[in-house]
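Open the model in your viewer and keep the sequence panel beside it. This tour tells you what to select at each stop.

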Amino acid sequence: MKCNVVCIQTYPIMNNKETNLTKMAELLEQALAEKPDTQLVVFPELATTGYQCGENFQELAEEINESSHTVKFFSDLAKKHGVYIIWGMAEKDSKNKKVLYNSQVFLDCKGEIIGTYRKIHLFDTEKNWFTPGKEYKVYNTAIGKIGLFVCYDAFFPEAARIMAVKGADLLVNSTNWEKPYSNDMDLLMSARALENAVYLACCNRIGKDLDVDFFGHTRILDTLGNVISDVKEEKEDFIYASLDYDKKENLKETYYTMLSERRPELYTELCK
């Protein structure tokens with residue numbers, strides 16, 4: 001099985017959801033015009049709002065359901081082009097409107113919600129506005145088994161490993177990784193791919209909010225942590241890669257046998 005993936009690097013305008021949605025749609029249309037065989041499109045973390053929105057997140061956040069404005073917007077695009085879409089946004093809890101999450105939303109090619117991942121490891125001031133999620137999920141789809149995680153989650157190898165153990169073919173990290181820590185992101189994403197023998201798509205943003213500047217480096221990695229495709233400049237752009245899951249499985253049966261040779265009975269100290 002193969003999956004053709006596009007990651008779109010954007011410059012979200014802080015607190016301006018409609019402008020951001022319009023730009024995301026334009027970039028998606030451009031990418032699919034060039035790569036019409038694309039099956040999955042990925043956007044950055046908090047791509048619809050910007051990062052340093054502070055108390056404005058309360059107004060910008062939406063519940064994740066079929067009637068959500070942003071979900072409907074992307075659902076129409078998914079149906080129009082027959083593609084799966086993953087993007088980051090501020091989510092409002094359906095039962096307690098004061099509770100917000102830093103989430104990724106995953107739609108199928110019919111525009112229907114596959115699932116939502118709520119960022120578990122919140123970074124710095126994110127803790128002031130968001131509540132951490134509680135579960136890593138792997139979604140079994142027609143384009144493979146896909147696991148979601150967000151930005152700072154990559155610093156915790158347990159996150160990617162849990163999803164790999166659950167059978168993930170591809171890990172998707174939507175991120176807002178900031179300067180001057182580009183080397184950290186590059187190393188961590190390659191490590192998460194290699195140590196789990198999985199493909200990894202990392203979609204970062206560019207531009208500046210209040211006092212945080214973002215560097216881009218959006219990239220798609222193979223199962224050895226090598227860059228297949230990346231955005232080398234700080235600009236709005238997209239990358240494409242065709243991922244061969246069969247090749248991944250062959251590697252895991254030969255030299256890269258880490259998952260089958262784990263010794264979980266000896267790892268209990270990690271949970272203390």
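Leaving aside neighbours within four places in sequence, which residues is Ala-31 in contact with? Select Ala-31 and look around. Ala-31 is in contact with Val-6, Ile-8 and Phe-238, where contact means heavy atoms within 4.5 Å.

Before moving on, a note on the model. This is a predicted model: local features need pLDDT of at least 70, side-chain atom pairs count only at pLDDT 80 or more, and totals for chains, interfaces and linings use all residues. Residues are numbered from 1 along each chain as its sequence is written, and side-chain values use heavy atoms, with hydrogens and water left out.

**Stop 1: Ala-31**

Stay on Ala-31. Its place is in helix H1; helices (H or I, at least four residues) and strands (E, at least two) are DSSP runs, numbered from the N terminus. Ala-31 counts as buried, at 1% relative accessibility. Buried means under 20% relative accessible area, exposed over 50%, and partly exposed in between (1.4 Å probe, protein chains only).

**Stop 2: the nonpolar cores**

Select Val-5, Leu-40, Ile-146, Leu-170 and Val-172. These are the residues with the most contacts inside the largest nonpolar core, which has 47 residues. Strand S9 (residues 199–203) gives the largest share of this core, five residues. Apart from it lies another core, of 25 residues; Val-6, Ala-31, Phe-74 and Phe-238 are among them. A nonpolar core is a set of buried Ala, Val, Leu, Ile, Met, Phe, Trp, Tyr and Cys residues joined through side-chain atoms within 4.5 Å. In soluble globular proteins, nonpolar side chains tend to be buried together.

Beyond neighbours within four places in sequence, its contacts include Leu-40, Val-42, Leu-170, Ala-201 and Ile-220.

**Stop 3: Thr-70**

Select Thr-70, in helix H3 (residues 69–81). Thr-70 is buried, with a relative accessible area of 0%. Not counting residues up to four places away in sequence, Thr-70 touches Lys-17, Leu-21, Thr-48, Glu-62, Trp-87 and Met-89. Lys-17 is 53 residues away along the chain, yet its C-alpha atom and that of Thr-70 are separated by 8.9 Å.

**Stop 4: backbone details**

Pick Asn-15, in the loop between strand S1 (2–9) and helix H1 (17–34). Asn-15 has a positive phi of about 70°, although it is not a glycine. At 33% relative accessibility, Asn-15 counts as partly exposed.

Next, pick Leu-46, in the loop between strand S2 (40–42) and helix H2 (57–60). Leu-46 also is not a glycine, and has a positive phi of about 45°. Is Leu-46 buried or exposed? Leu-46 counts as buried, at 0% relative accessibility.

Then find Pro-180, in the loop between strand S8 (170–174) and helix H5 (182–196). The peptide bond from Lys-179 to Pro-180 is cis, with omega near 5°.

**Stop 5**

Which residues line the largest pocket? Select Pro-157, Glu-158, Arg-161, Ile-162, Val-165, Arg-262, Pro-264, Tyr-267, Leu-270 and Cys-271. The largest pocket has a volume of about 280 Å³. On a 1 Å grid over the protein atoms alone, a cavity is a set of points where a 1.4 Å probe fits but cannot get out, and a pocket is an open set with protein on both sides within 12 Å along at least five of seven lines; lining residues have an atom within 4 Å of a point. Grid points are joined across faces, edges and corners, and a volume is the space filled by probe spheres set on the points.

For the largest cavity, select Thr-10, Tyr-11, Pro-12, Asn-20, Lys-23, Met-24 and Ala-47. Its volume is about 30 Å³.

**Stop 6: the cysteines**

How many disulfides does a search of the whole structure find? The search finds zero; a disulfide is a pair of cysteine sulfur atoms within 2.5 Å. The closest cysteine sulfur to that of Cys-3 is in Cys-7, 10 Å away, too far for a bond. Cys-3 counts as buried, at 0% relative accessibility. Cys-109 is partly exposed, with a relative accessible area of 28%.
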